[in-house]
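I opened a new notebook page today to get to know this structure. Here is what I looked at.

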Amino acid sequence: MTREEIIRPENKVYSRPRLIDDNYMHYCPGCSHGVVHKLVAEVIDEMGLEDKAIGIAPVGCSVFAYNYIDCDWIEAAHGRAPALATAASRLNPDKVVFTYQGDGDLAAIGSAETIHACTRGENIVMIMINNGIYGMTGGQMSPCTILGAKTATSPYGRRTDLNGFPLKVSNVVALLDGTCYVTRQAVHTVQAVRKAKNAIKKAFQNAIEKKGTSFIEIVGTCSSGWKLTPEKSNKWMEENMFPQYPLGDIKDTSKGLEEKTVEVKK
Amino acid sequence: MKDNVKLMKGNEAIAMAAIRYGCDGYFGYPITPQSEVLETLEAQMPWETTGMVVLQAESEVASINMVYGGAATGKAVMTSSSSPGVSLMQEGISYLAASELPALIVNVMRGGPGLGTIHPSQSDYFQATKGGGHGDYRLIVLAPSTVQEMADFVSLGFDLSFKYRTPSMILADGVVGQMMEKVVLPEQRPRRTEEEIRRQCPWAATGKDNGRTKRNVVTSLELDSAVMEKNNERFQRTYKEIEKNEVRYEAKYTEDAEYLIVAFGSIARICMKAIEDARKEGVKVGIIRPITLWPFPYDAIREAAANVKGILCVEINAGQMIEDVRLAVSDSVPVRHFGRMGGIVPNPNEILDALRRDFIDKPANAKED
Ligand SMILES: Cc1ncc(C[n+]2csc(CCOP(=O)(O)OP(=O)(O)O)c2C)c(N)n1
Ligand code: SF4
Ligand SMILES: [Mg+2]
C-alpha cells in the first residue's frame, strides 16, 4: 500500500480523540495518566459535554491535565479539588464538574475534602488514579502504597509498624450515603480500558442526572516511580496491586435511587 | 428610607448586605465571634429568593477552596471567619491572588496567638496587609468601624475585587462584628445573569459555551520562570494601580492638631471620645482613621503629621500598624504605640493617659527612651 492509500479515511483504525490536544505530553512512557486522559476526552466528546464540562485538576503528575483535555479547567491546590468542584457545581448546576486526582492528592492531603464532598452527595464525578505512589515529587510513599512496596520514603518496603495500612479509599467512600456509584477499574489491557471507559461514562451520566457523587478509582502504573519498565509495571500491578485493590464495582445505587432526605420530627 | 433602617449586629449586616449585593455564593465554617454571618444567611434562605448558594463547609480550608472554585467560574463568592480560621485559609488566599480571582474574605478578628481568646482583637493586621500566605501578593484590606461600614464594605470589597481581579478582605474586629447599631441596608440588586458573567469574566471556567472554542484554564501554576516572572510583574502593576487609586481614610480635627492619633476599626471610635475629652481640656488632638489598611494612607499621615509634636498609634494588639505609620513619617515625628491584648479593648481614659504619658506631660526636649 502507498502512503496515500493508507491515510484514506476508510482505512483509519485509530486517531487521537478530538478533545485531546496535540500538545507534547509530559507523562512517562507506560504511565496510566495518558490512557485515562484519552478516556475522559472521549467520554466528554461522545456525550456532547464539551460546552458543559468543567474539570478540576489536582497537584500531582496530572496537574497539567488542562494542557491536554480540551475543556474548561480549574487547577486546585493540593488535595482541594473536591472543594472547588463542590462550589463550581453548586453555582453552575447546568454544568458537569469532574475532578481528576492522584492517590496522594485525594487520599492524603485531600482526605477531608474527599469524604465531605462524597457524604454531601455533590453531583460531581471524581476520578482517582491510584498508582500507590507520589509520582510527581519523585516516588515517595502515599497512603495507598501497598505493604512491602519500596518507595523513596519507605526504602526498605512499607511496614505496618512504621507506616500503618494502605488506605482503601474507594471502600471508605462507598460507605457514605452521598455516593451513588463507586468502582475500581484499570487500563492495562484493551478489555480493561473498555470497562473503565464505560464506568467513566456512567459517572458523567449520574452527574447529569444529579444522582450524587460518582467515584472512579483507576489502579494505574507509575513506571518511573516504581523503577520498572512499562511492561514490568503492568505485571507488577497485576501481581501485587490487584490482590489489594480488586477491580470491579463496589457500589451502584444509581439505578432506582431511593429518596435520601430524612424528615426529623420536632 | 425609614423602613430600610434596621438595628442589627455587624456580622448580620455582612450577611444581609451580601444577599442584597447579589452575591452568588457564601461558604463558611462556624467560629466565634463571626458565626452570625453563616447563621443569618441560613436563616434568610437566599437560595429561595436571589438564588444565592450558602454552604457550611467542613473546614476553613474547604471554605476558601470552595471560594476559589466558585470565583474561577466568574461568580461573586465570599467567606467569613475569625483569626484561627483565616490562618487556615492562607494557602487558598495566595492561590486566589495568583490566579487573579475576585473574591471577598471577611476576618472578624479575635485575640491570638493560638486558640487565644474569643474576645476582640486587631492582631491579624500583619497577616492581612503584609501577605499572610506565600508569595509576593497583596490583598485589598478594608477596615470597618461601624455596622454601617460592615454593610457598605461588602459591595465595596466585591466591586474593587472585580475591578482589579484580586481578592479583597474586610478586616473587622470582634467589636464591630458583635455590636448592634442602626444600619441602612443597600437596595436589593439582582444577581448577574449568566450572560453578564460571561461578558464581565471572559476568562472564567464556565464550560466552553456560547460558541467559545478556546478553553479557559484558571491556574496559578507556571513552570517557565520567564513567564512566571512576567505574571508577577503583572500582579505588581495591578498593586501599583490599586495603591494609586484606592487609598481611603477618614481625617478629623487634623487642621489644628498638636498631637495625632492613628487608629482603625472600632478603636478609632473610642479614640474619638478620648480626643473630644482632650479638646475639652484644651489639648488639640486629631485623628486619621485608615479605611484601606492596604493600600495604606502613607501620604495622608505624612501630611497630617507635618505640624504635630507626636503620633500615638492606638491598636488592639502589641503594635502592628505602627510600623506603617513610622514608614509614613520616617523619623520626623516621634511615634508611640498604645494597645491592649488578650481580647481587652482600651477605654478612652487609658488612651488619654497614654497621650499624656508619651507626649503631653513630657517636656519637648526630654530624652527619648
Ligand atoms: C501543600 C502542598 N504540599 C506538597 C506539595 C508537593 N506535592 C506535589 S505533587 C505531590 C504528590 C502527588 O501524588 P499523587 O497525588 O499520588 O499524584 P501522582 O503524581 O502520583 O499522579 C506532592 C506531595 C504541594 N504541591 N503542595
Ligand atoms: S512519574 Fe509516574 S505518574 Fe508521573 S508521569 Fe511518570 S509514570 Fe506517570
Ligand atoms: Mg500517585
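**Ground rules.** I worked with a predicted model, where local features need pLDDT of at least 70 and side-chain atom pairs count only at pLDDT 80 or more, while totals for chains, interfaces and linings use all residues. I numbered residues from 1 along each chain as its sequence is written, lettered chains from A and numbered ligands from 1 in the order in which they are written, and used heavy atoms for side-chain values, leaving out hydrogens and water.

**Overall size.** The C-alpha trace of chain A spans about 80 × 50 × 30 Å along its principal axes.

**Inside.** I found that 55% of the 266 residues in chain A are buried, meaning under 20% relative accessible area with a 1.4 Å probe, protein chains only.

**Sheet.** I noted 10 helices and seven strands in chain A; these are DSSP runs, helices (H or I) of at least four residues and strands (E) of at least two, numbered from the N terminus. Eight strands form an open, mixed sheet in the order S7(A)-S5(A)-S6(A)-S4(A)-S3(A)-S1(A)-S2(A)-S9(B). Its edge strands are S7 (248-252) of chain A and S9 (217-218) of chain B, each pairing on one side only. Pairing here takes at least two DSSP bridges between two strands.

**One pair.** I followed S3 (residues 96-102) and S4 (residues 125-130) of chain A, which run parallel over five bridges. A:Gln101 has A:Met128 in S4(A) as its bridge partner.

Technical notes
Buried means under 20% relative accessible area, exposed over 50%, partly exposed in between (1.4 Å probe, protein chains only).
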